[in-house]
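Trainee: Could we go through this model together? I would like to learn how to read its parts.

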Amino acid sequence: MAMSLSDSRVLIVDDNEFNRKSLALVIRRAGISEIAFAGDGEEGLRAVDRFRPDLVLLDVDMPVMNGLEMCRALRRNATHEELPVLFQTALDSDEEQVRCFDAGGSDFISKPIRPGECVARVRHQLEKRKLFNDLAAYRERVQRELSHARAMQHSLLPESRRIAAVAERYGLILDAHFETSSELGGDFWGVYPLDDRRVGFLLIDFAGHGITAAINTFRLHTLIDRFPMEDAAPSQWLSRLNGALKDVLPTGQFATAFFGILDLATDTLTFAGAGAPNPVLGVGADLRLLDSAGLVLGASRRARYADQSHRLPRGGFLFLYSDALIECGGEEHGPLGQEAVPAFVRDALAVNRLHPLRPMLDRFYARTRQPLRDDLTAVWIARRA
Amino acid sequence: MQFQTRSTSDEVEVRLNGRLEFTDHDRLSDIVGLLDGQRARRFTIDLSGLEFLDSAGLGMLLILQEEAEQRNIKLTVRGPQGDVKRSIDLARIGEIITIEP
């Protein structure tokens with residue numbers, strides 16, 4: 001089915017009144033009623049700015065400014081770069097056609113006018129432009145909505161003021177980084193003050209990335225509030241979250257998780273893992289990977305999780321991260337890999353003892369192809385000495 | 001990811017090669033399709049040639065498990081190596097799918 005061209009606007013530039021009228025007659029029969037006229041190139045340029053045509057029918061030989069000059073002038077202007085320009089030219093002149101294309105013409109119509117051919121070429125250009133504009137408008141709308149969604153996703157995460165307040169309250173150094181591989185991502189992290197001596201840390205990574213994974217982080221956010229953390233061991237809490245996620249996630253979608261509670265009174269970190277990458281625990285000179293294996297969340301209702309406890313006294317730290325840190329590589333270096341993380345942390349500590357997250361990220365980005373293939377979250381949690 | 005299929009009267013074996021990741025989601029339906037129209041009650045996915053598996057890849061194994069279960073077909077994952085094995089162990093996929101060394 002042919003597209004309606006009734007809202008298309010055509011500018012006819014020709015110094016011959018008879019030609020202008022004939023062309024108008026022909027394209028009016030094709031359903032185009034918004035038509036403007038100009039008698040030379042200069043008038044034509046002014047008419048383009050005023051009339052905003054969707055297509056220009058342009059004669060070559062005209063006084064004051066000819067069609068070739070006018071077309072070149074249009075193409076120099078970014079706004080009119082894509083404007084279809086159809087030259088009226090004798091179709092048997094190869095040389096003239098080359099000149100018209102060189103000047104930036106989109107196509108030709110023969111002179112004298114052949115109505116059928118003229119309408120067909122005009123229609124072709126206008127339809128192409130319409131489709132292109134529709135696509136551009138669609139793209140713009142999606143882009144706008146994605147950037148709203150992106151802002152919403154970021155609002156799920158602890159904001160810097162809150163991070164600073166928690167750090168102050170519990171005598172911690174807290175630094176965090178969150179980056180999605182496209183507009184939206186499937187990572188999530190949170191910090192939860194439980195009482196005066198206990199604070200919880202959660203890091204979750206939904207499989208995949210992009211919109212589907214991001215929708216899951218919104219689902220997650222509403223679920224988290226449903227299960228109080230105060231009276232549950234990390235393993236119990238993860239089990240509850242797992243059951244709720246299993247109810248809402250389709251098969252094949254799941255999340256890896258780390259949930260830990262730091263108790264300042266007993267200097268103890270108690271945590272449960274659900275397939276998150278191994279966090280790094282640092283106490284004194286000892287850096288070790290914690291075992292965070294566990295059935296991923298949302299895959300089976302039968303999943304059971306186990307708690308582990310480790311000493312985390314003043315001066316000690318815990319480093320949490322999502323798998324992008326160890327799975328994304330570059331041309332020169334492959335991915336970092338799980339086993340290399342403690343040394344990676346140690347190197348960063350040598351650069352900045354108190355805030356090693358920045359040097360870690362610097363080194364990561366220096367060796368990794370960008371944009372990242374997956375979402376990256378990294379959280380540095382240290383107890384002040 | 002590429003795969004080769006070998007069928008006997010009682011078993012279908014699919015060998016995966018390369019990397020199984022996010023971008024392979026479209027290929028999954030090809031493998032699920034293999035579950036249909038087979039007499040075999042055993043379906044083995046051989047991962048010994050697979051170099052890399054990301055979380056989306058793990059998700060695909062879970063989907064295959066469910067699709068097999070629905071058709072009353074026994075799914076086994078065989079021979080994961082190196083990083084692939086580490087990923088499967090970390091996510092404890094063995095609690096859901098039978099993993100053979």
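Trainee: Which strands does helix α7 of chain A lie across, and at about what angle does α7 run to β8(A)?

Mentor: Helices (H or I, at least four residues) and strands (E, at least two) are DSSP runs, numbered from the N terminus. Contact requires C-beta atoms, placed from the backbone, within 7 Å, and angles run from 0 to 180 degrees between N-to-C directions of lines fitted to C-alpha atoms, for helices over the stretch in contact. Helix α7 (residues 211–224) lies across β7, β8 and β9 (255–263) of chain A, and its angle to β8(A) is about 150 degrees.

Trainee: How can I trust the numbering and the model?

Mentor: Residues count from 1 along each chain as its sequence is written, while chains are lettered from A and ligands numbered from 1 in the order in which they are written. This is a predicted model, where local features need pLDDT of at least 70, side-chain atom pairs count only at pLDDT 80 or more, and totals for chains, interfaces and linings use all residues.

Trainee: Which strands of chain A stand at the edges of the sheet?

Mentor: Two strands pair if DSSP finds at least two bridges between them. The open sheet has 5 strands, ordered β7-β8-β9-β10-β13 (chain A), with antiparallel pairing. An edge strand has a single partner, so one of its sides lacks a neighbour in the sheet: here these are β7 (187–193) and β13 (308–311) of chain A.

Trainee: How many bridges join β7(A) to β8(A)?

Mentor: Strand β8 covers residues 198–206 of chain A and runs antiparallel to β7(A). Across this pair, A:Trp189 is opposite A:Leu203 in β8(A). The bridges joining β7(A) to β8(A) number 7.

Definitions and conventions:
Two residues are in contact if their C-beta atoms, placed from the backbone, lie within 7 Å.
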